[in-house]
Amino acid sequence: MKSGFRARNHPAYWAFIVHRASGVLLALFLPLHFWALGRALQGEAGLETFLRWSDQPLVKLAETVLVLLLAAHLAGGVRLLMLEFLAWRDWQKSLLAAAAGVTLAAGLIFLLNLV
Amino acid sequence: MAASPKLTVSVWRGMESGRFQAFEVPRLESQTVLDVVTYIQRHLDPTLAYRFACRVGMCGSCAMTVNGQARWTCRTHVDKVAAHDRLEVAPLHNLPVVRDLVTDMSPFFDKWARAHGRFRGTRTREDDFARVPPDAPQRLLADAAIECIGCGVCYSSCDIVAWNPDYLGPAALNRAWTLVNDVRDGGNRERLAAIAGDAGCHACHTLMSCTERCPKQLSPTASIAGLKRAAMVAALKGGI
């Protein structure tokens with residue numbers, strides 16, 4: 001028999017889902033990132049047009065989500081490295097909270113810089 | 001507390017394919033899930049198959065899936081798990097179902113053997129006792145993981161086992177970690193080689209379901225992390 005949602009509903013599993021989903025979404029974003037950088041190769045004007053386009057509020061909002069994804073993936077990765085390489089303590093759940101806190105702080109700082 | 005006098009219990013009947021059968025069981029004070037299953041078998045349907053032995057959380061034979069989560073049923077109070085006086089009892093996940101609530105534990109224990117879970121002594125009967133100070137660092141690491149009763153709750157809760165049926169699983173790796181830290185044991189080279197493979201400790205994604213569900217509050221995740229480091233050090237030194 002296979003287990004369902006009830007077996008998986010605990011903080012560490014959610015951390016795993018966030019880490020995996022943010023990783024996949026960031027990987028999907030990478031081609032767009034390289035394409036944007038590639039515009040610079042074709043001259044200043046092309047990049048400038050793109051950068052002006054990216055000043056729109058909706059794009060900025062999407063960028064905030066991107067910053068959140070990056071922060072979540074980074075903080076989640078640091079958490080995993082600490083779990084696997086440092087001497088084990090009973091603070092796994094505190095690490096989870098710290099990772100979530102770092103993620104939110106990074107997103108908020110980015111948003112504050114915008115407005 | 002004004003508990004309702006009846007408990008509605010859905011119990012898995014059949015093998016891999018089967019269905020849930022509903023029973024009404026009297027609700028009693030301090031009742032455990034194992035008490036409920038036993039009541040059904042003794043009073044309502046003697047054909048119900050389930051497994052238990054000690055009833056006091058020592059033998060590890062009564063683990064089942066209760067309301068979707070693997071648990072030791074003898075030490076799980078109905079109060080704690082039966083929301084709205086409803087219980088759903090099913091066999092453990094990730095193991096072949098023999099019948100009703102009984103799973104075939106052979107794959108689980110075969111993996112203990114594959115993980116070299118057996119002590120390999122280096123002394124003979126002519127030698128003196130090995131003296132291991134209780135506060136020695138390795139002894140403390142082994143102590144933290146030694147109380148496993150082999151109930152299979154962690155194995156049943158582990159997604160990696162579901163994804164890769166060859167994966168040794170949290171309990172077997174936890175056992176290997178206690179032996180890696182046993183200074184009297186002489187089989188670590190082979191043991192680390194056995195647990196460092198594709199289906200060994202490095203397959204763990206640190207989902208921590210084993211740690212979350214272990215009824216003995218052990219942390220197989222910590223043991224597996226220890227094995228990952230031990231295997232890495234052994235590989236760097238050319239030991240495996």
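## Helix H7 of chain B and its partner H8

In this predicted model, H7(B) passes H8(B) in a crossing that is left-handed. The axes of the two helices come within 10 Å and cross at roughly 155 degrees, and because angles over 145 degrees count as roughly antiparallel, H7(B) is described as roughly antiparallel to H8(B). On the side of H7(B), the residues that meet the partner helix are Leu173(B), Ala176(B), Leu179(B) and Val180(B), while H8(B) supplies Asn188(B), Arg191(B) and Ile195(B). Sorted by class, the residues of this contact comprise five nonpolar, one polar and one charged.

## Surroundings of H7 in chain B

Helix H7 of chain B covers residues 170-180, and since 11 of its 11 residues are buried, the helix is largely enclosed by the rest of the structure. The buried residues include Pro170(B) and Val180(B), and among them are also Asn174(B), Arg175(B), Trp177(B) and Thr178(B). Their packing partners within chain B are helices H3 (106-114), H4 (137-145), H5 (153-157), H8 (188-195), H9 (209-213) and H10 (220-236).

## Helices H4 and H5 of chain A

Helix H4 of chain A has 29 residues and reaches 42 Å from its first C-alpha to its last, which is close to the 42 Å expected at 1.5 Å a residue. The axis of H4(A), residues 57-85, comes within 8 Å of the axis of H5(A), residues 92-114, and the two cross at roughly 155 degrees; the crossing angle therefore makes H4(A) roughly antiparallel to H5(A). The crossing of these two helices is right-handed.

From H4(A), the residues that make the contact include Lys60(A), Thr64(A), Val67(A), Leu68(A), Ala71(A), Ala72(A), Ala75(A), Gly76(A) and Arg79(A), and from H5(A) they include Gln92(A), Leu95(A), Leu96(A), Ala99(A), Val102(A), Thr103(A), Ala106(A) and Gly107(A). By class, this contact has 15 nonpolar, five polar and two charged residues.

## Buried positions of H4 in chain A

Which residues of H4(A) are buried? They are Leu69(A), Ala71(A), Ala72(A), His73(A), Ala75(A), Gly76(A), Arg79(A) and Leu83(A). These buried residues pack against helix H2 (11-39) and H5 of chain A, together with H10 of chain B.

## Ala15 in helix H2 of chain A

Ala15(A) lies in helix H2 of chain A, and because it has 24 C-beta neighbours inside 10 Å, Ala15(A) counts as buried. Leaving aside neighbours within four places in sequence, Ala15(A) is in contact with Gly76(A), Leu96(A) and Ala99(A). Gly76(A) belongs to the H4(A) side of the contact described above, and Leu96(A) and Ala99(A) belong to the H5(A) side. The C-alpha atom of Ala15(A) is separated by 9.8 Å from that of His73(A), although these two residues are 58 residues apart along the chain.

## Where chain A touches chain B

The contact between the chains takes 17 residues from chain A and 21 residues from chain B. On the side of chain A, the elements that give two or more residues are helix H1 (5-8), H2 and H4, and the largest share, four residues, comes from H4(A). The residues of this side divide into nine nonpolar, four polar and four charged.

Note on methods:
Residues are numbered from 1 along each chain as its sequence is written. Chains are lettered from A and ligands numbered from 1 in the order in which they are written. This is a predicted model: local features need pLDDT of at least 70, side-chain atom pairs count only at pLDDT 80 or more; totals for chains, interfaces and linings use all residues. Axes are lines fitted to C-alpha atoms, for helices over the stretch in contact, and angles run from 0 to 180 degrees between N-to-C directions. Angles under 35 degrees count as roughly parallel, over 145 as roughly antiparallel, 65 to 115 as roughly perpendicular and the rest as oblique. A crossing is left-handed if the near helix is turned anticlockwise from the far one by less than a right angle, and right-handed if clockwise. Two residues are in contact if their C-beta atoms, placed from the backbone, lie within 7 Å. Ala, Val, Leu, Ile, Met, Phe, Trp, Tyr, Cys and Pro count as nonpolar, Asp, Glu, Lys and Arg as charged, and the others, Gly among them, as polar. A residue is buried if 20 or more other C-beta atoms lie within 10 Å of its own, exposed if 12 or fewer, and partly exposed in between; C-beta atoms are placed from the backbone. The expected span of a helix is 1.5 Å times one less than its number of residues.
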